[in-house]
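This report describes a single structure by its helices, the loop residues between them and selected distances. The sequence and coordinates are shown first.

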Amino acid sequence: MLAGLMFGRFTPLGILSYMVYIVVLESILYISGFYRKQELTSGYVFIVAILIGTADAFITMINLEQMMFFYRLYYADWYIGLYMLINGLLYSSIGSWLGYKVGIKLQQVMGE
């Protein structure tokens, strides 16, 4: 989105990808009750991080399928699976968990 704003390069595939990201991730957060939760425990955040990683793996698969359809690119099944596992599930889950930990440290710095 930032590249589109800075360089004026909005593509139909980019807009479609952003819409998929928004719908899937916001749906996962809403269904998991993340927005209604008053206090977050480590176990709950771990489960939400795994859910976010799973959703991002699904989004990664959809984006690869979109590129294969629109740009006539062909990927091997093992590549799609590995890409979903590492870039989708692993990186997003770890990033969500580390973001939670950094947020706790920032709250301590703030004094709350």
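In which helix does Leu-2 lie?

## Model and helix H1

The model discussed here is a predicted one. Leu-2 lies in helix H1, which covers residues 2-7. The relative accessibility of Leu-2 is 58%, and Leu-2 counts as exposed because this value is over the 50% cut-off. From Leu-2 to Ile-47 there are 45 residues along the chain, and the two C-alpha atoms are separated by 30 Å.

## Helix H3

Helix H3 has 30 residues. The distance from its first C-alpha to its last is 42 Å, close to the 44 Å expected at 1.5 Å a residue. A related separation is that of Gly-43 and Tyr-71: 28 residues apart in sequence, they are 42 Å apart in space, C-alpha to C-alpha.

Which residues is Asn-63 in contact with, leaving aside its neighbours within four places in sequence? The contacts of Asn-63 are Ser-17 and Tyr-21.

## The loop between H3 and H4

H3 is followed by Arg-72, which is located in the loop between H3 and H4. The phi of Arg-72 is near 60°, a positive value in a residue other than glycine. Arg-72 has a relative accessible area of 58%, so it is classed as exposed.

Tyr-74 belongs to the loop between H3 and H4 as well. Its relative accessible area is 70%, and Tyr-74 is exposed. Between the C-alpha atoms of Tyr-74 and Val-109 the separation is 49 Å, for residues 35 apart along the chain.

## Helix H4

Helix H4 comprises 34 residues, 77-110.

The buried residues of H4 are Ile-80, Gly-88, Ser-92, Ser-93 and Tyr-100. Against which helix do the buried residues of H4 pack? Their partner is helix H3, residues 42-71. Just after H4 comes Gly-111, with a positive phi of about 100°.

## Packing of H3 and H4

Two packed helices are described by the angle between their axes and the distance between the axes. For H3 and H4, the axes come within 7 Å and cross at roughly 145°. The crossing of H3 and H4 is right-handed. The residues of the contact of H3 with H4 divide into 15 nonpolar, 9 polar and 3 charged.

Definitions and conventions: Residues numbered from 1 in each chain as written. Predicted model: local features only at pLDDT ≥ 70, side-chain atom pairs only at ≥ 80, totals over all residues. Heavy atoms only, no water. Helix = DSSP H or I, 4+ residues; strand = E, 2+ residues; numbered from the N terminus. Expected span 1.5 Å × (residues − 1). Buried < 20%, exposed > 50% of the residue type's maximum accessible area, 1.4 Å probe, protein only. Contact = heavy atoms within 4.5 Å. Axes fitted to C-alpha atoms, helices over the stretch in contact; angles between N-to-C directions. Left-handed = near helix turned anticlockwise from the far one by under 90°. Nonpolar A, V, L, I, M, F, W, Y, C, P; charged D, E, K, R; others polar.
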